[in-house]
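This report walks through the architecture, the RNA-facing surface and some local backbone features of a model. Please keep the structure open while reading.

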Amino acid sequence: MSEITVVLPDGSELSVPEDATVEDAAYEIGPGLGEDTVAGVVDGELVAKEDELHDGAQLVIVTDQSDEYLDVLRHSAAHVFAQALQRLNPEATLTIGPPTEDGFYYDVANVDLEESDLEAIETEMEAIIEADYDIERLERPREAAFEKYADNRFKREILEEEAAGEETVSFYRQDDWEDLCQGPHVDSTGEIGAVELLTISSAYWRGDEENEALTRVYGTAFESEGDLEEFLLMREEAKERDHRRIGQEMELFSVPDVTGPGLPLYHPAGKTILQELENYVNELNREAGYEQVETPHLFRTELWKQSGHYDNYRDDMFLLEVNDEEYGLKPMNCPGHATIFDQASWSYRDLPKRYFENGKVYRKEQRGELSGLSRTWAFTIDDGHLFVKPEDIEREVREIMGLIFELISHFDLEVEVDLATRPEKSVGGDEIWESAEEQLRTVLESGGYDYGIEAGDGAFYGPKIDFSFRDALGRSWDGPTVQLDFNMPERFDLTYTGEDNEDHRPVMIHRALYGSYERIFMVLIEHFDGQFPLWLAPEQVRILPVSDDALGYAHRVKNELSEFRVEVEDRDWTVGRKIRQAHDDRVPYMLIVGSDEEESGTVSVRDRFEREAEGVGRDAFREHLEAERDEKRIEPDFLKE
RNA sequence: GCCUGGGUAGCUUAGCGGUAAAGCGCGUCCUUGGUAAGGACGAGAGCCCGGGUUCAAAUCCCGGCCUAGGCUCCA
């Protein structure tokens with residue numbers, strides 16, 4: 001029999017018979033590994049250990065030590081769910097049930113489920129796990145599968161489409177229950193250490209809203225109860241940190257019914273934080289040679305026709321009729337900036353022009369998508385547009401990368417960088433795309449940035465570098481972006497005069513350092529759990545008089561700290577109560593003052609970490625505050641041991 | 001936009017055909033406090049909006065609006 005060659009993770013090659021499976025290959029490497037094999041990853045795709053290999057395959061063996069093992073386990077947990085569901089509701093029609101990042105789901109039809117039903121299903125699942133049934137793979141003729149699923153049009157559709165042309169299809173069996181499935185699965189139900197069903201929602205068959213709505217049950221599974229508990233704790237913490245909840249508690253913002261959906265109101269405390277964020281980015285931009293501009297919220301649709309937004313995004317724009325003419329709220333700031341650029345003639349000596357605006361934009365997002373500050377109809381972008389000579393792209397992008405890293409260094413957030421390349425639908429010639437992507441790559445390489453490639457994920461008008469933040473709970477959020485644009489300069493016929501006295505086309509660079517203020521605000525609220533660094537904290541210091549007798553001194557101390565956001569707690573409460581409240585309100589520093597402090601002219605300092613010091617000099621404290629604020633330190637550190 | 005839940009005091013929620021409840025917050029008073037909730041009293045509710053059923057609707061039905069989770073979208 002002829003042999004084929006597969007490539008192992010360390011680059012070495014392994015020869016195996018041409019009908020060898022993943023498991024066979026593992027045994028070739030070593031009997032121990034063969035024994036432990038759960039599944040394989042072939043050319044980046046998770047496959048069953050029974051699947052045959054092909055010549056040149058990149059092979060990774062998956063054991064219970066692999067990262068992929070949890071996916072396999074969860075896929076099996078989805079089967080256990082389906083079996084349990086059908087034990088209790090035999091009429092339930094199964095569709096698909098894959099693993100996800102956090103667990104698994106299973107989409108079912110012909111069954112009415114409520115959250116309250118989940119407990120009984122979970123109990124049944126635990127019985128199945130307890131019984132430790134072997135999980136067996138069966139090959140059946142495709143025709144037999146059709147017969148078996150005579151009354152399940154979903155499975156038949158899978159057989160028709162996914163399994164088109166196959167003679168046999170695989171089933172996985174545990175106990176007396178089986179499901180059409182490609183696998184892979186763990187060897188027995190007992191390997192699932194812990195399961196939990198989480199929520200019920202709905203989803204369309206194959207994710208298409210034209211199709212039938214199915215009932216989707218989300219659950220998760222782990223190797224051990226301990227892992228599950230850790231996961232649930234993390235989930236609970238995420239809920240506690242929900243920016244909508246903290247936003248309400250700290251009176252940062254609200255989205256009342258009466259103002260319309262997705263149109264948040266910023267209250268004084270919230271606006272204080274936004275203003276600090278804005279002041280900082282304004283300063284950073286000024287230093288980097290940007291000129292601040294301002295454009296109105298409303299333009300004639302002529303402008304949106306010129307920019308192309310009207311053709312592509314008209315349905316998502318807010319349009320209105322004024323004096324028989326159509327106007328539209330701006331969904332982007334760039335056409336306004338391009339128009340400003342177009343109001344003069346420029347020489348190559350003038351370039352690059354760097355315009356900047358904290359511009360509010362309006363996009364009529366789908367109603368079901370709106371949520372807190374994470375998805376809104378009105379949001380503000382710290383939007384910069386650069387008009388550059390093509391040969392300057394690299395230098396400008398490098399500078400922007402520097403700005404972005406400078407900015408995020410103050411927020412204790414990790415960041416991931418991705419290069420998004422040319423999508424299928426795009427404008428501009430091959431040459432300019434290749435050159436642009438090359439220049440972005442050069443910046444990323446020479447800057448030593450770790451980055452991934454999102455092939456085909458660029459904008460239709462140019463490639464881009466996307467940043468995503470990772471917060472304290474390990475979640476990822478869209479952040480800053482740098483995008484090259486060859487389209488807008490064409491559409492607006494932007495030109496500059498070159499050294500050769502000829503007209504040339506500038507390239508536009510769109511960039512945002514925060515992304516949107518709403519988004520960064522949300523991320524920061526949740527990342528810091530509302531415990532903002534001093535420079536951002538809406539209330540930086542609260543003075544707690546021990547009794548009313550100390551009110552006068554308290555106000556004198558407050559006046560001395562007038563450059564900070566300071567409040568005097570003058571409610572008729574005990575000291576303990578005042579401290580409790582200040583902690584609940586997440587104030588970085590408390591100053592407790594009474595007769596002792598008044599006589600010695602000092603303050604007692606307590607911070608949000610419950611650290612304390614008595615007899616602190618007022619000047620020393622004020623000077624520390626100034627430094628902590630100006631250096632944008634993450635945590636209060638006056639009382640740091 | 002679609003599917004499934006939900007909208008009751010400033011906030012969090014109970015009540016689910018028959019006189020609208022609680023905790024927190026708020027106000028007044030007592031207490032004048034020393035490091036994470038002192039006490040008493042009080043005010044505060046078109047029960048989301050519009051229709052319908054009923055002797056009677058916060059409660060049941062229909063429509064709308066908002067909201068949560070999910071699906072689909074995201075220049």
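Over residues 266-533, what percentage of the chain is helix, what percentage is strand, and how far apart are the end C-alpha atoms?

## Annotated region and overall architecture

The model is a predicted one. Over residues 266-533 the chain is 34% helix and 30% strand, with the end C-alpha atoms 19 Å apart. According to the UniProt record, an unreviewed entry, this stretch of residues 266-533 carries the annotation "domain: Aminoacyl-transfer RNA synthetases class-II family profile".

Chain A has 641 residues, of which 35% count as buried, and its secondary structure comprises 20 helices and 33 strands. Taken along the principal axes, the C-alpha atoms of chain A fill a box of roughly 90 × 75 × 60 Å. The domain assignment divides chain A into domain 1 (3-62), domain 2 (69-238), domain 3 (253-528) and domain 4 (541-630), and the C-alpha centres of domain 2 and domain 4 lie 57 Å apart.

## The nonpolar core

The largest nonpolar core contains 78 residues, and those that touch the most other members are Val397, Ile509, Phe521, Ile543, Leu591 and Val593. Helix 16 (residues 517-528) supplies the largest share of this core, namely 8 residues. At least three residues of the core come from each of domain 3 (253-528) and domain 4 (541-630).

## The surface near RNA strand B

RNA strand B is surrounded by 54 residues, the closest being Gly207, Arg367, Gly368, Ser547 and Gly594.

Which element provides the largest share of the surface near RNA strand B? That element is helix 18, which gives 6 residues. By residue class, the surface near RNA strand B divides into 20 charged, 18 polar and 16 nonpolar residues.

## Strand pairing around strand 18

Strand 18 (residues 325-329) pairs with strand 16 (residues 298-300) in the antiparallel sense, through 3 bridges, and within this pairing leucine 298 has leucine 329 of strand 18 as its bridge partner. Strand 18 is also antiparallel to strand 17 (residues 319-322), with 4 bridges between them, and here the bridge partner of leucine 319 is glycine 328.

Strand 17 and strand 18 form a hairpin with 2 residues between the strands, and in that hairpin asparagine 323 takes a positive phi near 50 degrees.

## Backbone exceptions in loops

Most residues other than glycine have a negative phi, and most peptide bonds are trans. Against that background, the peptide bond that joins leucine 351 and proline 352 is cis, with omega about -5 degrees; proline 352 is found in the loop between strand 19 (346-347) and strand 20 (353-362).

Asparagine 110, although not a glycine, has a positive phi of about 60 degrees, and its place is in the loop between strand 7 (104-109) and helix 4 (118-131). Asparagine 110 counts as partly exposed because it has 13 C-beta neighbours inside 10 Å. Aspartate 412, likewise not a glycine, has a positive phi of about 65 degrees and lies in the loop between helix 13 (393-408) and strand 22 (414-420). With 14 other C-beta atoms within 10 Å, aspartate 412 is partly exposed.

## Sequence separation and spatial distance

Is aspartate 43 buried or exposed? Aspartate 43 has 12 C-beta neighbours inside 10 Å and therefore counts as exposed, since a residue with 12 or fewer falls in that class. Aspartate 43 sits in the loop between strand 3 (39-42) and strand 4 (45-48), and its C-alpha atom is 6.1 Å from that of alanine 57, with the two residues 14 apart in sequence.

Threonine 339 belongs to helix 12 (residues 334-341) and counts as partly exposed, with 16 C-beta neighbours inside 10 Å. Threonine 339 and glutamate 396 are 57 residues apart along the chain, and their C-alpha atoms are separated by 21 Å.

Notes. Residues are numbered from 1 along each chain as its sequence is written. Chains are lettered from A and ligands numbered from 1 in the order in which they are written. This is a predicted model: local features need pLDDT of at least 70, side-chain atom pairs count only at pLDDT 80 or more; totals for chains, interfaces and linings use all residues. Domain bounds come from an automatic or database domain assignment. A residue is near a molecule or strand if its C-beta atom, placed from the backbone, lies within 6 Å of it. Ala, Val, Leu, Ile, Met, Phe, Trp, Tyr, Cys and Pro count as nonpolar, Asp, Glu, Lys and Arg as charged, and the others, Gly among them, as polar. Two strands pair if DSSP finds at least two bridges between them. A residue is buried if 20 or more other C-beta atoms lie within 10 Å of its own, exposed if 12 or fewer, and partly exposed in between; C-beta atoms are placed from the backbone. UniProt positions are given in the numbering used here, feature names are shortened, and annotations may be inferred rather than shown by experiment. A nonpolar core is a set of buried Ala, Val, Leu, Ile, Met, Phe, Trp, Tyr and Cys residues joined through C-beta atoms within 7 Å.
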